[in-house]
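Please walk through this structure with me, one feature at a time. We start with a charged pair and finish with the whole chain.

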Amino acid sequence: MSSIRVEDGYFTLFNIFHTDGPEGQQRLMDQWRGLPPAHTQPGLVSGNFHPSLDGKSVVNYAQWESEEAYDAFRAESGTRRRLGEALAYSRMDSVACEVVHTWEPVVELSVDKPCFTVAIVVTAPAERQAEVLREMTHDDPGLGETPGYVNHAVHRGLTGEHVIKYAQWRDEESFRAFLSRPRQPSPLDGFSSAELYFCRLEYVRGLS
């Protein structure tokens, strides 16, 4: 099990692998499950692998002690080989982030406590990232009373173009009911776009 907290200060990555369908998605999951525990890789805290419910992607939420540790990992010949194999049948988007905001209780990533997970990737001009952050970290006080809601964490993309929310819900039905509620237009409309990945955590490459 791993967790998401601002105070940990981890270098965090959303690595989103896109495939043509469930077969490629399963190949990716099989490849990641074959990796050794995180403690064998210097600086790796955890890798958390979420296949999307539509069968077309895998979201890897990765935590590293530092960017330097991650760069050293990427430079290893074994890493380059495994990534090359994965990219032969998938496409990867990678966003380096820092955690800037969380909702209590602490977000826990555990296959023993499965949640319906929504990764919301908001893209906007870098000069307007602060506006996106203000909107996405301004929590509705009533959110905790929303049926099925568990928690969330907001991440600032280090290059400026992205803000990502990792949100956990009890189930998909609860989230879709929340999504269908009438709401006011967002201040982000007109200069940002959002992609939503509906997924469930299936494998944690943790320290143990």
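This is a predicted model. Begin with E85. It makes a salt bridge with R81, and the closest N and O atoms are 3.3 Å apart. Both residues belong to helix α3, which covers residues 77-87. They are 4 residues apart, about one turn of the helix. E85 has 39% relative accessibility and counts as partly exposed. R81, at 46%, is also partly exposed. In general, side chains of opposite charge can pair when their charged atoms come close.

The model has further pairs of this kind. R91 and D93 meet through their side chains in a salt bridge of 3.3 Å, N to O. R91 is partly exposed, with a relative accessible area of 47%. D93 is partly exposed too, at 31%. Strand β5 spans residues 91-102. K113 forms another salt bridge, with E108, where the closest N and O atoms are 3.1 Å apart. E108 is partly exposed, with a relative accessible area of 29%. The count of salt bridges comes to 9.

Now turn to strand β2, residues 11-18. Is it covered or open? It is mostly covered, with 8 of its 8 residues buried. In a regular strand the side chains alternate between the two faces of the sheet. In β2, F11, L13, N15 and F17 point one way. T12, F14, I16 and H18 point the other way. Residues of both sets are buried.

Which strands pair with β2? One partner is β4, joined in the antiparallel sense over 8 bridges. Within that pairing, I16 has V59 of β4 as its bridge partner. Another partner is β5, which runs antiparallel to β2 and is joined to it by 7 bridges. There, F14 has V95 of β5 as its bridge partner.

Look next at N60, a residue of strand β4, which covers residues 57-64. Is N60 buried or exposed? Its relative accessible area is 9%, so it is buried. Its side chain reaches the backbone nitrogen of N48 at 3.3 Å. Set aside the neighbours within four places in sequence, and N60 is in contact with L13, F14, N15, G47, N48 and F49. Among these, L13, F14 and N15 are buried residues of β2.

Follow the chain past β5. P105 lies in the loop between β5 and β6, the latter being 107-109. The peptide bond from E104 to P105 is cis, with omega near 5°. By contrast, most peptide bonds are trans.

Finally, step back to the whole chain. Its secondary structure comes to 5 helices and 11 strands. The radius of gyration is 17 Å, close to the 17 Å that the globule rule gives for 208 residues, so the chain is as compact as a globular protein of that length. The C-alpha trace spans about 50 × 35 × 30 Å along its principal axes. Of the 208 residues, 49% count as buried. Consider contacts between residues at least 6 apart in sequence: 80% of them join residues at least 24 apart. The chain exposes about 10500 Å², and carbon and sulfur atoms supply 51% of that area.

Notes
Residues are numbered from 1 along each chain as its sequence is written. This is a predicted model: local features need pLDDT of at least 70, side-chain atom pairs count only at pLDDT 80 or more; totals for chains, interfaces and linings use all residues. Side-chain values use heavy atoms; hydrogens and water are left out. Helices (H or I, at least four residues) and strands (E, at least two) are DSSP runs, numbered from the N terminus. Buried means under 20% relative accessible area, exposed over 50%, partly exposed in between (1.4 Å probe, protein chains only). A polar contact is a pair of N or O atoms within 3.5 Å; within protein, one must be able to donate a hydrogen and the other to accept it, and residues adjacent in sequence count only if both atoms are side-chain atoms. Contact means heavy atoms within 4.5 Å. Two strands pair if DSSP finds at least two bridges between them. A salt bridge is a side-chain nitrogen of Lys or Arg within 4 Å of a carboxyl oxygen of Asp or Glu. The radius of gyration is taken over C-alpha atoms; the globule rule is 2.2 Å times the number of residues to the power 0.38. Accessible areas come from the Shrake-Rupley method with a 1.4 Å probe; for residues, only the protein chains shown count as cover.
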